[in-house]
There are 2 protein chains.
Amino acid sequence: MNQYLEFAIQLAEQLKGQTSTNPSVGAIIVKDNRIIGFGAHLKKGEAHAEIQALNMAGKEAEGATIYVSLEPCSHYGLTPPCSKAIIESGISRVEYAVKDGSLSKSGHDMLEEAGVEVIHSPSSRAEELYKEFFIQQKKKTPFVTLKISTSLDGKVATDFKESKWITCKAVKEDVLHLRSENDAIITGGGTVREDNPLLTSRKPNFKEPKRIVLSQQSSFDEDLQIFKDRDNPAIVVTNHPNFEIKDTQNIELYKSDLSNLENMLQLLYKLGYASVLVEAGPTLVSQFIEQDLADQLIIYQAPKVIGGQGKYQFYQTNDVYPLSKIKQFKFISTEIIDEDLKLILRK
Amino acid sequence: MNQYLEFAIQLAEQLKGQTSTNPSVGAIIVKDNRIIGFGAHLKKGEAHAEIQALNMAGKEAEGATIYVSLEPCSHYGLTPPCSKAIIESGISRVEYAVKDGSLSKSGHDMLEEAGVEVIHSPSSRAEELYKEFFIQQKKKTPFVTLKISTSLDGKVATDFKESKWITCKAVKEDVLHLRSENDAIITGGGTVREDNPLLTSRKPNFKEPKRIVLSQQSSFDEDLQIFKDRDNPAIVVTNHPNFEIKDTQNIELYKSDLSNLENMLQLLYKLGYASVLVEAGPTLVSQFIEQDLADQLIIYQAPKVIGGQGKYQFYQTNDVYPLSKIKQFKFISTEIIDEDLKLILRK
């Protein structure tokens, strides 16, 4: 692949996870084999990658080539369309890696009609980068990752509900990373009441995800630490008509029907959360899977078998499905983490 | 490592799996940088590797070095001790890779006392080769591998007992290999009655393992194909006092207490089966695990979740164990096989 296009994709990869529901994009402007401008989209609402690069290049842009990781946009959103700015700059050639199927009129066509040479150079690496974005775009819901810590035999606790700890220390560290890679963490009210978790990434240089608790009950006890953070309120999404926030609790409250989790996810997407990590008990985890809302599973498997009758399996449903109808995923990667195994699966 | 010792280990690896309860051994005799003899143990009861190599070298052995993958034996078993033959041949130097802790008097000492120079050159590759042998030697039971085909959530069938097929075609091929690598396959009477399996490796160049069926009942139906092979009788191990073999059935019958599977395994070891593959339903598989008799698990995991209440989990026990007492294994390897994942774990 062209080195400049590759550099543009690298830029986009670096910024992934901080552009909310916008895709992460990188752009490089080249003239006479010299880079005269580059940019990357830093934050939703701020300048797109192409605009930053054009600003840097200034008048030199005339007759230059711009390399972009994603097809330039053609619509007025929070910012004016990049294709228009490219045309006005006098850029003579555009090369991009991934087609943006979410555009009503393609940027590719808009640029060509204005006499700009446009080349689509497909890249599997860049396609991987925008996979989540296109899924979200279509469904208007965040990209959902379920984190599951289980024994080999699919259990998350013994029949007496002992669950501390099934996986090893190194897995706990890995989960802190995972949290910082997501815009928000979703957990259930039951988990908050029983485990009193903080659900932070706990590292100075890690992004802290928003903490979201789903609750069917009318309140939470005052001693729960997740609601005590003065600076970072937790979100509570509830279907309870009279949910009560106590004086000492820092809570942003939203209402949603919790029997249909897709509604709740659409609400989160509107709030700007483009990726969520579900760290919850087997009931909530099973609901996400059964309602077909899990885009990705990250399973930490301990090399142990728990046995018993399996009262706490990570996936349990009231209905029995025939094998032709059960939920199917695809292995993306496997990695040994100390003594445990980390599996990543996608739909 | 020395190239000749490595060659001896390679020879031993090639013959692995055909020497029954004996270890697979390779030997190379070298004089003036020329190989003047080599041998490998082909079959229990026949000449050991060292003897073959000495026979090939003949009188030239005097003053030569012998490289052996395992410490030469010092005892009269089915054949006279190799250490004695080495001493008598006039070999002046012995180099071997793995100490044989199962010997009452070490071959190393016996050779040194006779004035032969003896060098132990440890090799992790050779140690891997003899791991199973030493485990068996100690326990006087075969090396037991459990084969488990499961969903991600630890189930081997839906609650309505539908189980065909959870894993993909490529896994079935892999299982045929696995069968040929073991001396025998163990299954339960229930599986034979329900699935009517052949349990062969079905390949012209594959070793056919002995088929062993555990039965608590007094007979098997005549139509079951596993007992119809005129050339290869299946073994039935039963605790039923009046088990009846029908005229059309080719069965070798043995009695054993089936509530304690270790007794049954000791019986198989005495019969010369050094490695067994258990391909059975969850009840028998769970018994092997719970009774601490599984040396190795080979788990084929399909990227699917079955859900339901989990009536057919691959590991279920009547007792509930605290997490500190559950059975623990170690991941040895992971491999994607087409769409499924193959996990190998050891104790």
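Predicted model: local features only at pLDDT ≥ 70, side-chain atom pairs only at ≥ 80, totals over all residues.
Residues are numbered from 1 along each chain as its sequence is written, and chains are lettered from A in the order in which they are written. Local features need pLDDT of at least 70, side-chain atom pairs count only at pLDDT 80 or more, totals for chains, interfaces and linings use all residues, and side-chain values use heavy atoms, leaving out hydrogens and water.

Let's start with the meeting place. Chain B brings 49 residues to the contact and chain A brings 49 residues, where contact means heavy atoms within 4.5 Å. About 3,800 Å² is buried between the two chains, with 64% of that from carbon and sulfur atoms; buried area is the accessible area (1.4 Å probe) that two parts lose on being put together, summed over both. Val305(B), Leu323(B) and Phe331(B) supply 18% of what chain B buries against chain A, more than any other three residues.

What about polar links? There are 17 residue pairs in polar contact between the chains, both residues at pLDDT 80 or more. Such a contact is a pair of N or O atoms within 3.5 Å; within protein, one must be able to donate a hydrogen and the other to accept it, and residues adjacent in sequence count only if both atoms are side-chain atoms.

Now for a spot where strands (DSSP runs of E, at least two residues) cross between chains. Strand 14 of chain A, residues 327–328, pairs with strand 13 of chain B in the antiparallel sense over 2 bridges; pairing takes at least two DSSP bridges. Within strand 13 of chain B, Lys304(B) is the bridge partner of Gln328(A).

Technical notes:
Helix = DSSP H or I, 4+ residues; strand = E, 2+ residues; numbered from the N terminus.
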